[in-house]
Amino acid sequence: MKRVFKSSIYILLSIFWITSCDQSEEGIVVKWKNEDHVFPFKYEIEKQEASERTWKDVHLKEIFTVNGLSDSSIFQPLKINVDDSSLYILDATDGYVKQFDLRGNFRRKVGGGLGNGPGEFEQPFDFSMDLHGNIYVVDIGARSLVSLNEVGDFRWQKLYKHNTPGHVSVSDSNVIVSVTGVNMNHIFERYDINGDLKGVYSKLVKNPGDSLDEQIEVFGKPFIGNVKIADDLTIFVPRYLSQIIFYKKDGDVENAIYTIDNATNPKLIFDRDNYHGVPGFFPIGFEGTDTNLDFSIVRNDIVIWSQQGNEKFGPHIFDIYNLTTGRYQYSAKLDLGQISGFKIVANKIFTYNTVTTEIKGYSVNSFN
């Protein structure tokens, strides 16, 4: 449990170095020396045509429950992934990737577990898999991205020195990893599946001429979130901003659109007079609430688990958006109990809880 808690705090305190161009009245608010400064977004954010949710009945049927506290299968899930035949969990107790079938039956463990050798992890945090079965694990303890083959043998490793990788997403030919830290001027890096760097993803905000521009160079907590790859686009859903952002391969923003809940942009609060030349300072306060808790791509849809929707309507609210345009389509209410995240594949949804260690599988009648 201590390892999971430490991992969560580490990532929440990791910050993006954010720079870019353009003027706008909307953006991240930074309070410095008792004055509010707005760092505008460089891109225009579309409004949703829909202003209210429309509902669709999506029925659940539980397939299995696996409890990691049981004597037969002790584990603590950090993250899960799913393909057409298997469920995979990244286990905090021993650092292995555990494979189960889609009925919850344990198959095998993959990797070298906890350690500091090739294919081993100090503090695993996130992982993803490509279509060839290769596994990509973010290790925030070693500040590295590690790739294993389908049987768990070491393939390659990327070290980030003073910076920290966060979330990773993989397609058949691209690996996207978010990287935070004081030596960064971008927030995502793109590799091929062999570990060769192919590009970086664009900078986000800057306020030219503002006194803060020379003083506060790092304040990226609002841009923590989840990232996934769909065809040639990378889709980023920030945790504290009601947005869906589509990136092209060259790092430019293809388009950005608000989600159905248009929340107030967050504020970061600093209390010192001068930060210039002092890397890595954190704000003393953060005013903002979770908006997008997690999301999954299902066929031609983006399914977002909405915190604000939960607060308004109870249970778990999932909002469905078009994968190409980001336009809102409908919402579904699903009572999944206490969960930390979810994955959807075909007509099945899988949830996990990092505290209770439960993993559950459900069949669903439809998400489109």
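Mentor: Two strands pair if DSSP finds at least two bridges between them. Strands themselves are DSSP runs (E, at least two residues), as helices are (H or I, at least four), and both are numbered from the N terminus. The model above is predicted, so local features need pLDDT of at least 70 and side-chain atom pairs pLDDT 80 or more, while totals for chains, interfaces and linings use all residues. Residues are numbered from 1 along each chain as its sequence is written, and side-chain values use heavy atoms, without hydrogens and water.

Trainee: What makes β17 and β18 a pair?

Mentor: Six bridges join β17 to β18 (residues 233–238), and the rule asks for at least two. The two strands run antiparallel.

Trainee: Which strands make up the open sheet with mixed pairing?

Mentor: The order is β3-β20-β19-β18-β17. At the edges stand β3 (45–46) and β17 (225–230), each with a single partner strand, so one side of each has no neighbour in the sheet. Strands of a sheet pair through backbone hydrogen bonds, either parallel or antiparallel.

Trainee: How do you know that β11 pairs with β10 and β12?

Mentor: Count the bridges. β10 (residues 135–139) and β11 (residues 144–148) share five, and β11 and β12 (residues 154–159) share five. Both pairings are antiparallel. Val146 of β11 stands opposite Val137, and in β12 the bridge partner of Val146 is Gln157.

Trainee: How many residues lie between the strands of each hairpin?

Mentor: Four lie between β10 and β11, where Arg143 in the turn has a positive phi of about 50°. Five lie between β11 and β12, where Gly152 in the turn has a positive phi of about 95°.

Trainee: Is β11 mostly covered or uncovered?

Mentor: Five of its five residues are buried, which is to say mostly covered. Buried means under 20% relative accessible area, exposed over 50%, and partly exposed in between (1.4 Å probe, protein chains only). In a regular strand the side chains alternate between the two faces of the sheet. In β11, Ser144, Val146 and Leu148 are buried on one side, and Leu145 and Ser147 on the other.

Trainee: Why is Asn163 called buried?

Mentor: Its relative accessibility is 7%, and the limit is under 20%, so Asn163 counts as buried. Asn163 is in the loop between β12 and β13 (164–170). Its C-alpha atom is 9.2 Å from that of Ser144, which is 19 residues away along the chain.

Trainee: And why is Asp294 called buried?

Mentor: The value is 8%, again under 20%, so Asp294 counts as buried. Asp294 belongs to β23 (residues 292–298). Gly341 is 47 residues from Asp294 in sequence and 6.2 Å away in space, C-alpha to C-alpha.

Trainee: What makes two rings an aromatic pair?

Mentor: Rings of Phe, Tyr and Trp (its six-membered ring) pair if their centres lie within 6.5 Å; planes under 30 degrees apart are stacked, over 60 edge-to-face, and the rest tilted. The count by this rule is 10 aromatic pairs.

Trainee: What class does the pair of Tyr321 and Tyr328 have?

Mentor: With 5.8 Å centre to centre and 70° between the planes, the pair is edge-to-face. Both Tyr321 and Tyr328 are buried.

Trainee: How do you know that Lys56 sits over the ring of Tyr330?

Mentor: A charge sits over a ring if NZ of Lys or CZ of Arg is within 6 Å of the ring centre and within 35 degrees of the ring normal. The charged end of Lys56 is 4.9 Å from the centre of the Tyr330 ring. Lys228 lies over the face of Phe295, at 4.1 Å from the ring centre.
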